[in-house]
Amino acid sequence: MRLGIVGGGAWGTALAHIFSKKHRVLVYDRNPYKVDLINKGIYPADESLRISSKVKATNSLKEVLEFAEVLFISVPTQAVREVLKKVPFWEKPLINTAKGIEVETFKTISEIVGELHPESEYFVLSGPSFAREVVLEKPTAVVLSGKNENLGEELQKELNLSTFRIYWNSDTKGVELGGALKNVMAIAVGICDGMDMGLNARSALITRGLNEMAFLGEHLGAQRDTFYGLSGLGDLVLTATGDLSRNRRFGLEIGKGKDINQALREIGTVEGYHTVRAVYQMAQKLGLELPITETVYRVLYENLPLEKAVENLLNRSPKKEY
């Protein structure tokens with residue numbers, strides 16, 4: 001199978017490396033330096049790592065579109081719309097790997113694709129997966145989801161590898177939301193750890209954060225059980241506790257008192273920073289109570305002091321667990 005990957009960043013290149021074991025892979029990136037590194041077998045996100053010499057790269061999107069039987073979109077969420085506008089009529093499988101919600105429209109990637117490319121066979125690939133570990137071929141399990149289950153299961157079989165196990169889940173909305181919402185909770189846990197609040201507090205935040213994710217997901221049409229799977233609980237635990245996570249590292253720096261803009265400059269793309277704004281505004285519109293999300297939003301966008309943020313959460317009136 002010929003796989004085209006739009007985005008030569010950490011995740012796009014990691015997927016290219018692992019999939020090149022079974023398939024021909026061509027990566028598009030507009031950055032000529034990244035293209036050159038990939039063609040030399042160097043991992044752009046960490047030049048000390050090597051990737052398969054079978055992976056090829058180009059700065060021609062047209063070349064990738066003509067080559068691909070399956071197209072992966074591996075760019076940050078807020079750039080997906082711009083990329084899709086450059087893709088002509090596309091009836092073949094289109095697999096998204098971004099984990100976020102579009103800030104201006106509150107749309108998930110499937111909704112953006114439905115708007116711009118309703119003719120395409122849309123799928124999302126998500127789950128607990130640090131790109132670096134995929135490059136190092138450490139065991140990883142993810143989930144694939146889409147409306148066309150027959151085609152999805154064919155793709156699952158074609159893409160599944162011994163060190164990259166792919167499960168199927170038909171709840172596309174839940175899979176997308178799990179991947180997006182866990183980034184907000186990872187920032188919250190990072191702040192908690194940066195403030196040295198302890199392991200009890202970390203565990204409480206992860207658990208209540210998962211409940212908040214599932215609560216919102218159900219209101220948006222997702223299945224609650226999906227949030228207890230790989231794209232929900234699995235990705236949340238990894239992103240909230242693993243120091244390879246940019247969302248967690250961002251939260252850690254904020255918890256230690258670093259300026260928000262400085263932390264963003266140093267870390268790079270932090271999907272949760274944008275997602276929390278979209279989710280907070282969506283919750284306000286729907287009249288939903290999301291205390292952890294609201295607190296993270298107010299810290300990042302309204303300069304709420306960390307001590308006051310903690311006080312607000314701890315002094316909420318007692319609730320039933322479910």
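The chain divides into domain 1 (2–170) and domain 2 (173–315), with bounds from an automatic or database domain assignment. Their centres, taken over C-alpha atoms, are 25 Å apart. The contact (heavy atoms within 4.5 Å) takes 30 residues from domain 1 and 28 residues from domain 2. This is a predicted model: local features need pLDDT of at least 70, side-chain atom pairs count only at pLDDT 80 or more, and totals for chains, interfaces and linings use all residues. Residues are numbered from 1 along each chain as its sequence is written, and side-chain values use heavy atoms, leaving out hydrogens and water.

**Largest pocket**

- The largest pocket has a volume of about 1300 Å³.
- A pocket is an open set of points on a 1 Å grid over the protein atoms alone, where a 1.4 Å probe fits, with protein on both sides within 12 Å along at least five of seven lines. Lining residues have an atom within 4 Å of a point.
- Grid points are joined across faces, edges and corners, and a volume is the space filled by probe spheres set on the points.
- The lining of the largest pocket holds 43 residues, and G9, A10, W11, R246 and T269 lie nearest its centre.
- Two or more lining residues come from each of α1 (10–19), α4 (77–85), α6 (131–135), α8, α10 (230–241) and α11. Helices are DSSP runs (H or I, at least four residues), numbered from the N terminus.
- By class, the lining of the largest pocket has 18 nonpolar, 12 polar and 13 charged residues. Ala, Val, Leu, Ile, Met, Phe, Trp, Tyr, Cys and Pro count as nonpolar, Asp, Glu, Lys and Arg as charged, and the others, Gly among them, as polar.
- Domain 1 and domain 2 both give residues to this lining, so the largest pocket lies between them.

**Second largest pocket**

- The second largest pocket has a volume of about 860 Å³.
- It is lined by 30 residues, with R208, P291, I292, L313 and R316 nearest its centre.
- At least two lining residues come from each of α8, α9 (199–219), α14 and α15. α9 gives the most, with seven residues.
- The lining of the second largest pocket splits into 20 nonpolar, three polar and seven charged residues.

**Helix α15**

- In α15 (residues 306–314), the buried residues are L306, A309 and V310. Buried means under 20% relative accessible area (1.4 Å probe, protein chains only).
- Seen down the axis of α15, these residues fall within an arc of 95°, so they line one face of the helix. The arc is that of the directions from the helix axis to the C-beta atoms.
- The buried residues of α15 pack against α8 (172–194), α11 (246–255) and α14 (291–301).

Definitions and conventions:
Buried means under 20% relative accessible area, exposed over 50%, partly exposed in between (1.4 Å probe, protein chains only).
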